[in-house]
Amino acid sequence: MGMLKTEFLLDRVSRFAIFSLMTSLALPSVLASGAIANLVKEACYNAVQQREMKSLWSYRVERYEDNHIIVERVIETVDTPVKHLLAVDGHPPTAAQLKEEEDRYRTLLKNSAGRSAFKKEREEDTKTMDEMLRIIPEAFIFQDLGTERGLKKIAFHPNPDFRAKSYQQRVLQNLVGTAFVDVQDKQIARVFASLAQQVEFGLGLLGRVDKGGTLNIARTRLPDGVWQVSTEKIELSGRMAIFKSLNRHKDEHRSDFKPVAPGTTFAKALDELDKNGPADTPGVFRP
């Protein structure tokens with residue numbers, strides 16, 4: 001259980017780091033060195049404002065896991081997302097797989113405490129993300145690399161004068177890489193980053209994340225101007241807790257984004273899926 005919690009923390013840390021960086025690198029084509037901090041602060045503020053809208057989305061996910069290609073329809077809700085299996089390695093889900101999914105739905109529907117825990121966790125994530133956004137201008141040094149395929153290319157590396165105050169900030173602080181920015185929308189389109197140094201937790205006793213781990217993120221602009229993550233690849237390794245190895249591999253692609261009604265609950269999403277399942281859905285949950 002401790003290992004699972006630590007892996008989950010690492011996944012959240014990497015999300016915090018990369019999302020914070022993505023939403024704060026909205027830089028124009030020409031930047032005076034003295035103005036960059038104020039510009040990044042403004043971009044971070046705008047990112048927080050957009051996040052406070054708390055919009056919900058449904059999207060199709062294709063992910064690579066344990067040498068399998070898994071396709072799901074994900075529906076975001078105010079408590080916990082609904083994940084509906086569509087295919088495994090190009091084949092429709094089996095009856096056993098659908099039964100396992102249905103059992104999971106039933107358990108969550110009956111477990112209000114579990115759903116509340118997910119909601120609380122999300123609220124904590126929001127608070128942490130806001131804190132990360134505030135320290136971005138201090139944590140990095142940026143370099144303008146010109147324009148590539150219509151996008152502004154920007155290199156970034158850690159600011160040696162920055163002093164991290166949390167595990168999340170320490171991981172963020174050690175990222176180096178390149179971002180590609182849509183100047184018109186002032187939004188990040190792609191970012192490639194790696195860990196420049198090994199990051200230890202509890203002087204290495206609680207674990208470490210190895211140098212060289214990579215994060216590869218791409219975002220897409222939806223018709224209404226909202227930007228969403230379309231590709232997320234994470235390759236991290238290290239040791240979490242004594243004598244336990246960690247290999248965090250994630251390769252996920254998202255498409256077919258559709259807005260979800262504000263305030264949609266887990267139960268409501270299941271009901272809508274039951275009534276109006278997407279065209280690519282082979283079967284839906286029926287309580």
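**Exercise 1.** Determine which residues of α3 and α6 meet.

*Solution.* Residues Y105, L108 and L109 of α3 meet F266, A267, L270 and L273 of α6, where contact means heavy atoms within 4.5 Å. The residues of this contact divide into 7 nonpolar, no polar and no charged. Here Ala, Val, Leu, Ile, Met, Phe, Trp, Tyr, Cys and Pro count as nonpolar, Asp, Glu, Lys and Arg as charged, and the others, Gly among them, as polar.

The model is predicted: local features need pLDDT of at least 70, side-chain atom pairs count only at pLDDT 80 or more, and totals for chains, interfaces and linings use all residues. Residues are numbered from 1 along each chain as its sequence is written, and side-chain values use heavy atoms, with hydrogens and water left out.

**Exercise 2.** Describe how α3 and α6 pack.

*Solution.* First, locate the helices: α3 covers residues 95-110 and α6 residues 266-275. Helices (H or I, at least four residues) and strands (E, at least two) are DSSP runs, numbered from the N terminus. Next, the angle between α3 and α6 is about 145°, and their axes are 10 Å apart; axes are lines fitted to C-alpha atoms, for helices over the stretch in contact, and angles run from 0 to 180 degrees between N-to-C directions. Finally, α3 passes α6 in a left-handed crossing (the near helix is turned anticlockwise from the far one by less than a right angle).

**Exercise 3.** State where N67 lies and whether N67 is buried or exposed.

*Solution.* N67 belongs to the loop between β1 (56-65) and β2 (68-75). Although N67 is not a glycine, its phi is positive, about 65°. With a relative accessible area of 83%, N67 is exposed (buried means under 20%, exposed over 50%, partly exposed in between, with a 1.4 Å probe and protein chains only).
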